Amino acid sequence: MTKFILLKFITFFIGCLSCFLMHTTFALPIVVSAGLTGLIGSFIPFPADYKNHPYAAIYAGSFAGMCSTSLINEYWEIAIISAIGAVLYTLTINVFAGFGGRLGSIAFASVALFVLAKELVI
């Protein structure tokens, strides 16, 4: 289980960071950045034991990486959002099975929880 969550964290982080860098550094439109992240991430080989979960985490991370630079401006913030997203993804694997929107909901919840926590601490 620890290995599964670690893989989720790494893949969510890759998706989030890739999308965020594409739209902040290279000035690509946000939707194009998320689409390219998902497309490029689909070519990364993962063991068959994990099924499609790593690819889904990359795409969920790309949704989280679509957020504004006014909310996220440091790389450690992306790492915390990725940790929250990996835990949420793992906890909701069997929830909403067969329904659309789970990955976007996980991305939204991870960013929203981080921003809320950040505002409460600061």
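A crossing of two helices is called right-handed if the near helix is turned clockwise from the far one by less than a right angle, and left-handed if anticlockwise. The term is needed below for a predicted model in which helix H3 passes helix H5 in a right-handed crossing.

## Overall build

The protein has 5 helices and 0 strands. Along the sequence this gives the pattern α-α-α-α-α. The radius of gyration is 14 Å, close to the 14 Å that the globule rule gives for 122 residues, so the protein is as compact as a globular protein of that length. Its C-alpha trace spans about 40 × 30 × 25 Å along the principal axes.

| Pair | Angle between axes | Axes | Handedness of crossing |
|---|---|---|---|
| H1 and H2 | about 140° | 8 Å apart | right-handed |
| H1 and H3 | about 40° | 7 Å apart | right-handed |
| H3 and H5 | roughly 50° | within 8 Å | right-handed |

**H3 and H5.** Helix H3 covers residues 53–64 and helix H5 covers residues 102–121. The axes of H3 and H5 cross at roughly 50°, and the two helices are therefore oblique to each other. On the H3 side, the contact is made by Ala-56, Tyr-59, Ala-60, Phe-63 and Ala-64. On the H5 side, the residues are Leu-103, Gly-104, Ala-107, Ser-110 and Val-111. Sorted by type, the residues of this contact of H3 with H5 are 8 nonpolar, 2 polar and no charged.

**H1 and H2.** Helix H1 runs over residues 2–24 and helix H2 over residues 30–41, and they pack at an angle of about 140°. That angle makes H1 oblique to H2. Gly-15, Ser-18, Cys-19, Met-22 and His-23 of H1 meet Ile-30, Ser-33, Ala-34, Leu-36 and Thr-37 of H2. Here the contact of H1 with H2 divides into 5 nonpolar, 5 polar and no charged residues.

**H1 and H3.** What angle do H1 and H3 make when they pack? The angle is about 40°, with the axes 7 Å apart. Angles under 35 degrees would count as roughly parallel, and the angle found here makes H1 oblique to H3. From H1 the contact uses Phe-4, Leu-7, Lys-8, Thr-11, Phe-12, Gly-15, Cys-16 and Cys-19. From H3 it uses His-53, Pro-54, Ala-57, Ile-58, Ala-60, Gly-61, Ser-62 and Ala-64. The residues of the contact of H1 with H3 are 10 nonpolar, 5 polar and 1 charged.

In H1, Gly-15 and Cys-19 are listed both for the contact with H2 and for the contact with H3. In H3, Ala-60 and Ala-64 take part in the contact with H5 and also in the contact with H1.

## Helix H4 and the annotated stretch

Leu-88 lies in helix H4, which covers residues 75–91. Which residues does Leu-88 touch, not counting residues up to four places away in sequence? They are Ile-106, Ala-109, Ser-110 and Leu-113. Of these, Ser-110 also belongs to the H5 side of the contact with H3. Leu-88 and Tyr-50 are 38 residues apart in sequence, and their C-alpha atoms are 17 Å apart in space.

An unreviewed UniProt entry lists residues 79–97 as "transmembrane region". In the model, the chain over residues 79–97 is 68% helix and 0% strand. The C-alpha atoms at the ends of this stretch are 27 Å apart.

Note on methods:
Residues are numbered from 1 along each chain as its sequence is written. This is a predicted model: local features need pLDDT of at least 70, side-chain atom pairs count only at pLDDT 80 or more; totals for chains, interfaces and linings use all residues. Side-chain values use heavy atoms; hydrogens and water are left out. Axes are lines fitted to C-alpha atoms, for helices over the stretch in contact, and angles run from 0 to 180 degrees between N-to-C directions. Helices (H or I, at least four residues) and strands (E, at least two) are DSSP runs, numbered from the N terminus. Angles under 35 degrees count as roughly parallel, over 145 as roughly antiparallel, 65 to 115 as roughly perpendicular and the rest as oblique. Contact means heavy atoms within 4.5 Å. Ala, Val, Leu, Ile, Met, Phe, Trp, Tyr, Cys and Pro count as nonpolar, Asp, Glu, Lys and Arg as charged, and the others, Gly among them, as polar. UniProt positions are given in the numbering used here, feature names are shortened, and annotations may be inferred rather than shown by experiment. The radius of gyration is taken over C-alpha atoms; the globule rule is 2.2 Å times the number of residues to the power 0.38.
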